[in-house]
Amino acid sequence: MNQFQKILFATPLLLLTQVSFADWIKSSVATEENHTIQIRHQIHQNPELGNMEFNTSKMVQKELKSYGIEVKTGFAKTGVIGILKGAQPGPVMALRADMDALPVLEKTGLSFASKTKALYQGKEESVMHACGHDTHTAMLLSAAKILAANKDKILGTVIFVFQPAEEGAADLDSSKYGDQVGSQKMIADGALNQPKPEVMFGMHVIAGMPSGNIFYKDAAILNSADEFRIKIIGQQVHASMPWAGQDPIVSSAAVITNMQTLISRYSNLTKGMAVVSVGQISGGTVSNIIPNEVNMQGTIRTNQEDIRQNILKLLPEMVKNTALANNTKAEVELSSYAPVTYNDKTLTQLMAKSLESAAGASQLHVMGNNASASEDFAYYGKLMPSLFVFLGATPKDQDMDKAAPNHSPEFIVDDATLKTGVETHVRFVMDYPAVAQQVQSAWKVP
């Protein structure tokens, strides 16, 4: 008899509950579907930027309290924690949703499209839920409502984590104060301390994947993300006589080229992948003056922690020495957004049946490669076994290759996919206790 069987036979009520899941979970999700969509539209029409989700936070608190769920605040400025104790003893499990929107002008033409404007880094910008966090919040609220109405069936305690500023803060320079926003700040402020969860689940809607379909994999599912800022300092001079000065533009070209060797010559690519990209560069004012300095910003992405740390170690000295070789000086700043998002292998394998139950066997897909983007959900995975999955956002009758991507002004989410997300959250909670011991005994910090 394996450990899973021992748990089941030792807990007859759990076995009985497992058998009846299909009846009450799907019917409950169907009953709440209109409510889920209504909440999603409300949030979408009234988006708020990172660290400024005051009204969204109030709405989340009001909803949770109306379900009879204990609410705690005071985390990461606008973060909310909901606590639901099941009728039976068991593990403490956490479900996470992010609440923030982006400084994007919406061009979807939806009847509930955003017309909101707000200050972002001191400038007024249009605001849009261009990454689907409105759906994340709505789906978790509906799951909370369903679980609260069925707490007599829950083994253990559920922590609902409503996190701000996953995309960074509107009122802070996240490249300098990244540890003061999002999941890092939630953790630092003790959001997960009382009670302390032993497992964390999350999901993200993604364009270009069909509505109602779930995509997952174990190990690395999202890249790490680190930013760099480089200032190349030269000596201004007339462009007709460059020998009389120090050219930071030529030097910056050499720096950009040499940084690519961090991947091609200094990274062990048998372990994983990486990319170093310069996304912004500025220097000079007119065509006939070599400027005094050039500034650039960029990002480092990788799906393997050893590669990441090697690049972070080598980049500053490479940039400084390349600049020096070109008779200039370089100043380098590094800042981290998130490590690699890892799905715990044991947890992922044992929860695969739950994903199949929520989406259906034909709509569940194992990813061959990790996604290239990044998520601050990764910090939760440093503390406990975690599982992060993708939920298709694009209507099934559309061309997936032509779907407007996340962060686009035309990004849309098919409301029909929300019910799959709600059911997935509920099944995470109802199914995890049966495999908790196996997961915890196998877990190692990634």
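Me: Which residues in α10 meet which residues in α12?

Reply: Met-351, Ser-354, Leu-355, Ser-357, Ala-358 and Ala-359 belong to the α10 side, and they meet Thr-420, Glu-423, Thr-424, Arg-427, Phe-428 and Asp-431 of α12. Contact here means heavy atoms within 4.5 Å. Helices are DSSP runs (H or I, at least four residues) and strands likewise (E, at least two), numbered from the N terminus. Please note that this is a predicted model, in which local features need pLDDT of at least 70 and side-chain atom pairs count only at pLDDT 80 or more, while totals for chains, interfaces and linings use all residues. Residues are numbered from 1 along each chain as its sequence is written, and side-chain values use heavy atoms, with hydrogens and water left out.

Me: How many of those contact residues are nonpolar, polar and charged?

Reply: The contact of α10 with α12 has five nonpolar, four polar and three charged residues. In this count Ala, Val, Leu, Ile, Met, Phe, Trp, Tyr, Cys and Pro are nonpolar, Asp, Glu, Lys and Arg are charged, and the others, Gly among them, are polar.

Me: At what angle do α10 and α12 pack?

Reply: Helix α10 (residues 345-359) packs against α12 at about 145°, and their axes are 9 Å apart. Axes are lines fitted to C-alpha atoms, for helices over the stretch in contact, and angles run from 0 to 180 degrees between N-to-C directions. The crossing of α10 and α12 is right-handed; that word applies if the near helix is turned clockwise from the far one by less than a right angle, and left-handed if anticlockwise.

Me: Arg-427 is on that list. Which residue does Arg-427 form a salt bridge with?

Reply: Its partner is Glu-423, with the closest N and O atoms 2.7 Å apart. A salt bridge is a side-chain nitrogen of Lys or Arg within 4 Å of a carboxyl oxygen of Asp or Glu.

Me: Are Arg-427 and Glu-423 buried or exposed?

Reply: Arg-427 is buried, at 4% relative accessibility, and Glu-423 is buried at 5%. Buried means under 20% relative accessible area, exposed over 50%, and partly exposed in between (1.4 Å probe, protein chains only).

Me: How many salt bridges does a search of the whole structure find?

Reply: The search finds 17. One of them joins the side chains of Asp-376 and Arg-96, at 2.9 Å from N to O. Asp-376 lies in the loop between β17 (364-366) and α11 (378-381) and Arg-96 in strand β3 (residues 88-98), so this pair ties together parts 280 residues apart in sequence. Asp-376 is buried at 3% relative accessibility, and Arg-96 is buried at 2%.

Me: What about Arg-229: which residue is its salt-bridge partner?

Reply: Arg-229 pairs with Asp-173, the closest N and O atoms being 3.2 Å apart. Arg-229 lies in strand β10 (residues 224-233) and Asp-173 in the loop between β6 (155-163) and α5 (174-177), so the pair links parts that are 56 residues apart in sequence. Arg-229 is partly exposed at 27% relative accessibility, and Asp-173 is partly exposed at 23%.

Me: Changing topic to sheets: what is the strand order of the open sheet of four strands?

Reply: The order is β12-β14-β10-β15, with antiparallel pairing. Its edge strands are β12 (274-282) and β15 (329-338), each pairing on one side only. Two strands pair if DSSP finds at least two bridges between them. Ten bridges join β10 to strand β14 (residues 293-302), and Glu-227 stands opposite Thr-299 in β14.

Me: Which strands of this sheet does α7 touch, and which does α9 touch?

Reply: Helix α7 packs on the sheet and touches β10, β12 and β14, its direction making about 155° with that of β10. Helix α9 touches β10, β12, β14 and β15, and its direction makes about 160° with that of β15.

Me: How do the axes of α7 and α9 cross?

Reply: Helix α7 (residues 248-259) and helix α9 (residues 305-325) have axes that come within 9 Å and cross at roughly 145°. This crossing is right-handed.

Me: Lastly, how many residues of strand β18 are buried?

Reply: Nine of the nine residues of β18 (residues 386-394) are buried, so the strand is largely enclosed by the rest of the structure. Eight bridges join strand β7 (residues 199-210) to β18 in parallel, and Phe-201 has Leu-387 as its bridge partner in β18. Two bridges join strand β8 (residues 214-216) to β18, and these strands run antiparallel.
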